[in-house]
Amino acid sequence: MPSALQSTAAAALANSPTFPALLGFDGFTDAILHAVNSRASMRVDDFARIATITEFSQRIAGAAGKSTNIELVRHELRFGGNGPLMAGALGSLSLPVTYIGGVGRPGDERTLHPIYEPFARRCAKVYPVSAPAFTDALEFDDGKLMLGKPGNLQGITWASLKTIFGLPALIDLFASQRLIGIVNWTMMGGVQGIWQGLCDEVLPKLPVLHIPGHMPIVRRRIFIDLADPAKRTDPDIRSAMATLRNLEAHADVTLGLNLAEAARVDRALNSGAFASCRHPASPTGPEVASAAEVLRNATGLSCVVIHPRSGAGASDSMTAAAWFDGPMVAKPRLSTGAGDHFNAGFSLAQAAGLPLEECLAAGTATCCAYVRDAESPTLARLCEMLAALPEPQA
């Protein structure tokens, strides 16, 4: 039976006024792959998978000093990228979404790549600015390995966006947006410059927002997903956080992190976010929420949210720390994009003005529906999933 919190969140989302969102700037074509453990026959689908990352790593480690052959079977070829996955999820949740990013045809980069046509149907407007990059996504029961080739995206910079659109048109594009999502700083060298360009040339010029049925809302919301900064240096991460603090002067910035990303940012900032955890590699829910509070104070941002597989914890200026239990899905039908769907549900609820605990519930329910159904949920499905989630433990 759902808790009062979950029921309240579902009702608030079902009755929330629609508001526009703009997201960018990546784009990938994702090959969803399964690794073959053994074959019963040579029919394409007649095999047993390597089920876990641990098994896969043992197979690879066993080849050291020798060699091995691991067959990969393509389960699906689909549009991907953190930006398109989050934007597509928000479109399915009934927001009018504008997307700018690497979703163009190779050789004709201002024309939509055919693989993104289903995505574009969910959006109000899509502006291709480069060809997509590529990812081989190896999926396992306990996670996924994303092997990315991001070269095509490196030409997406603040200078290139101003050349393509012109600064006045960019200001017009951002003027009506309640929610702005900018993702994949890790793999795109131009993202930090886009943050700073918005800070210097766009956000100070935007009018006060008016949303029907609400008082004027002065501050927009910006959702940031670094997208696994493990390979970036400590100075890089500290520089990114400094630029995000510049954005905070013009909008409420939320930094979304999974557990590994939170640990990486914590290490770069030397903030001690997980120092009090009994088992830092597998912190409890309250410890995750506490870590979010420490990171929020260390970054100076409006909100930090951390979403491990077991649920999600966050801290904002109104709530020191909060945690919401999420049901574990032992055998997800699709895990690539799960974090992007959490981000979509969380940022939808946050931009709609829901309290932090309800935002965590909405993010968890959106993610849960996606991995169970292997498709982005509608708003009705999100509300249904909120009602179906187990009541959080006291």
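Where is Ser-302 found? In this predicted model, Ser-302 sits in the loop between helix H10 (285-299) and strand E14 (303-306). With a relative accessibility of 13%, Ser-302 counts as buried, because the cut-off for buried is under 20%. Its side chain makes a polar contact with the side chain of Asp-252, at 3.3 Å.

Let's move on to the inside of the protein. In soluble globular proteins, nonpolar side chains tend to be buried together. Here the largest nonpolar core has 57 residues, and the ones with the most contacts inside it are Leu-13, Leu-90, Phe-346, Leu-348 and Leu-360. Helix H12 (residues 356-373) supplies the largest share of this core, 11 residues. Apart from this core lies another one, of 53 residues, with Phe-28, Trp-158, Leu-173 and Leu-206 among them.

Phe-346 is worth a click in your viewer. Leaving out residues up to four places away in sequence, Phe-346 touches Phe-223, Thr-254, Cys-303, Val-305, Leu-356, Cys-359, Leu-360, Ala-362 and Gly-363.

Another residue to look up is Leu-179, in strand E11 (residues 179-183). At 2% relative accessibility, Leu-179 counts as buried. Setting aside neighbours within four places in sequence, the contacts of Leu-179 are Phe-19, Pro-20, Ala-21, Leu-22, Leu-90, Arg-221, Phe-223, Ser-347 and Ala-351. Leu-179 and Ser-16 are 163 residues apart along the chain, and their C-alpha atoms are separated by 14 Å.

| H1 and H12 | within 9 Å | roughly 80° | 5 nonpolar, 1 polar, 2 charged |

How do H1 and H12 lie to each other, parallel or perpendicular? Their axes cross at roughly 80°, and angles of 65 to 115 degrees count as roughly perpendicular, so H1 and H12 are roughly perpendicular to each other. On the H1 side (residues 4-14), the contact is made by Leu-5, Thr-8, Ala-9 and Leu-13, and on the H12 side by Glu-357, Glu-358, Ala-361 and Ala-362. Leu-13 is also one of the residues with the most contacts inside the largest core.

H5 brings Trp-158, Leu-161 and Lys-162 to the contact, while H7 brings Gly-193, Ile-194, Gly-197, Leu-198, Glu-201 and Val-202. Trp-158 turns up again among the residues of the 53-residue core.

Most residues other than glycine have a negative phi, and most peptide bonds are trans. A few spots in this model go the other way. The peptide bond from Gly-24 to Phe-25 is cis, with omega near 10°. Phe-25 belongs to strand E1 (residues 21-25).

Asn-184 has a positive phi of about 65°, although it is not a glycine. You'll find Asn-184 in the loop between E11 and helix H7 (191-202). Its relative accessible area is 0%, so Asn-184 is buried.

Ala-374 also has a positive phi, near 60°, and is likewise a residue other than glycine. Its place is in the loop between H12 and helix H13 (379-388). Is Ala-374 buried or partly exposed? With a relative accessible area of 23%, Ala-374 is partly exposed.

**Ser-92**

One more serine to finish. Ser-92 lies in helix H3 (residues 82-92) and is buried, with a relative accessible area of 17%. Apart from neighbours within four places in sequence, Ser-92 is in contact with Arg-122, Ser-376, Pro-377, Thr-378 and Leu-379. Between Ser-92 and Asn-184 there are 21 Å in space, C-alpha to C-alpha, and the two are 92 residues apart in sequence.

Conventions: Residues are numbered from 1 along each chain as its sequence is written. This is a predicted model: local features need pLDDT of at least 70, side-chain atom pairs count only at pLDDT 80 or more; totals for chains, interfaces and linings use all residues. Side-chain values use heavy atoms; hydrogens and water are left out. A nonpolar core is a set of buried Ala, Val, Leu, Ile, Met, Phe, Trp, Tyr and Cys residues joined through side-chain atoms within 4.5 Å. Buried means under 20% relative accessible area, exposed over 50%, partly exposed in between (1.4 Å probe, protein chains only). Helices (H or I, at least four residues) and strands (E, at least two) are DSSP runs, numbered from the N terminus. Contact means heavy atoms within 4.5 Å. Axes are lines fitted to C-alpha atoms, for helices over the stretch in contact, and angles run from 0 to 180 degrees between N-to-C directions. Angles under 35 degrees count as roughly parallel, over 145 as roughly antiparallel, 65 to 115 as roughly perpendicular and the rest as oblique. Ala, Val, Leu, Ile, Met, Phe, Trp, Tyr, Cys and Pro count as nonpolar, Asp, Glu, Lys and Arg as charged, and the others, Gly among them, as polar. A polar contact is a pair of N or O atoms within 3.5 Å; within protein, one must be able to donate a hydrogen and the other to accept it, and residues adjacent in sequence count only if both atoms are side-chain atoms.
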